[in-house]
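Me: Got a model here. Can you walk me through it?

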Amino acid sequence: MAINIQTLMFYLLSALAVLAALRVITSRNPVHAALFLVLTFFSMAGVWMLLEAEFLALTLILVYVGAVMVLFLFVVMMLDINLERLRVGFWKWFPFAAVLAVVLLVEMVMVLGSSQTAGTGSHVVAHAANYSNTKELGRLIYTEYVYAFELAAVLLLVAIIAAIALTHRHRAGTKSQVHAAQIQVKRKDRVRLVSVASVARAETAKK
């Protein structure tokens with residue numbers, strides 16, 4: 001069985017992605033875990049490039065690696081994270097995490113072993129040179145999956161509104177700007193003229 005360069009690259013990138021994903025959850029240092037997650041994103045972007053999904057690959061690199069993960073690294077490196085406190089309760093929640101991992105594994109096996117996905121690799125259609133996966137992705141989103149797309153947009157909007165509401169709630173001890181009061185302020189409310197004796201007069205008074 002001859003293995004071409006695309007198959008070899010697929011196995012290499014997939015193995016790198018799996019190893020990096022395992023290091024994300026096993027690294028003790030949060031900065032190292034974030035860097036391994038960046039490596040996972042790059043590996044998956046390479047897999048998507050092999051699948052001729054250039055738009056998704058570039059979006060993964062620009063959005064997640066270039067924006068989200070940089071923000072995560074800034075937050076992790078600026079905060080003084082107590083690693084000992086992060087490990088508190090690990091074994092308490094380990095059984096629940098193990099059951100959840102088994103459920104996800106069973107779901108993946110069922111999806112990959114179903115009749116709709118089995119054998120799809122041997123029926124890959126070769127597209128023309130002028131084929132645009134971006135156009136095809138937009139057509140699928142706004143036709144066949146338009147309701148799921150709109151539902152996801154509504155859920156994200158609700159999450160954004162909830163985050164803003166939780167962040168801007170009135171808390172004791174916090175200060176906020178009142179623009180109306182700042183506009184109505186007068187000079188006499190902020191400036192006070194004080195008569196200070198000159199240095200020469202002060203020296204004369206000492207003599």
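Me: Which helix gives the largest share of the nonpolar patch?
Reply: Helix α1, residues 5-26, with six residues. Helices here are DSSP runs of H or I, at least four residues, and strands are runs of E, at least two, numbered from the N terminus. One caveat on sources: this is a predicted model, where local features need pLDDT of at least 70, side-chain atom pairs count only at pLDDT 80 or more, and totals for chains, interfaces and linings use all residues. Numbering runs from 1 along each chain as its sequence is written, and side-chain values use heavy atoms, with hydrogens and water left out.

Me: Which residues make the patch?
Reply: I3, I5, L8, M9, F10, Y11, L12 and L50, about 780 Å² together. L12 lies in α1. Patch residues have over 30% relative accessible area and no salt bridge; nonpolar side chains (Val, Leu, Ile, Met, Phe, Trp, Tyr) are joined within 5 Å, like charges within 9 Å. Areas are Shrake-Rupley with a 1.4 Å probe, and for residues only the protein chains shown count as cover.

Me: OK, the fold. How many helices and strands?
Reply: The protein chain has 10 helices and zero strands.

Me: How much is buried?
Reply: 10% of the 207 residues. Buried means under 20% relative accessible area, exposed over 50%, partly exposed in between (1.4 Å probe, protein chains only). The chain exposes about 18100 Å², with carbon and sulfur atoms supplying 69% of it.

Me: What makes up the largest nonpolar core?
Reply: Nine residues: A34, V38, F41, A45, A57, L60, V65, M69 and L73. α3 gives the most, with five. A core is a set of buried Ala, Val, Leu, Ile, Met, Phe, Trp, Tyr and Cys residues joined through side-chain atoms within 4.5 Å.

Me: What does A57 touch?
Reply: A45, W48 and M49, leaving out residues up to four places away in sequence. Contact means heavy atoms within 4.5 Å.

Me: Switching to charges. How many salt bridges?
Reply: One. R139 pairs with E136, and the closest N and O atoms are 2.5 Å apart. The criterion is a side-chain nitrogen of Lys or Arg within 4 Å of a carboxyl oxygen of Asp or Glu.

Me: How are R139 and E136 placed in the helix?
Reply: They are three residues apart in α6 (residues 133-141), so about one helical turn separates them.
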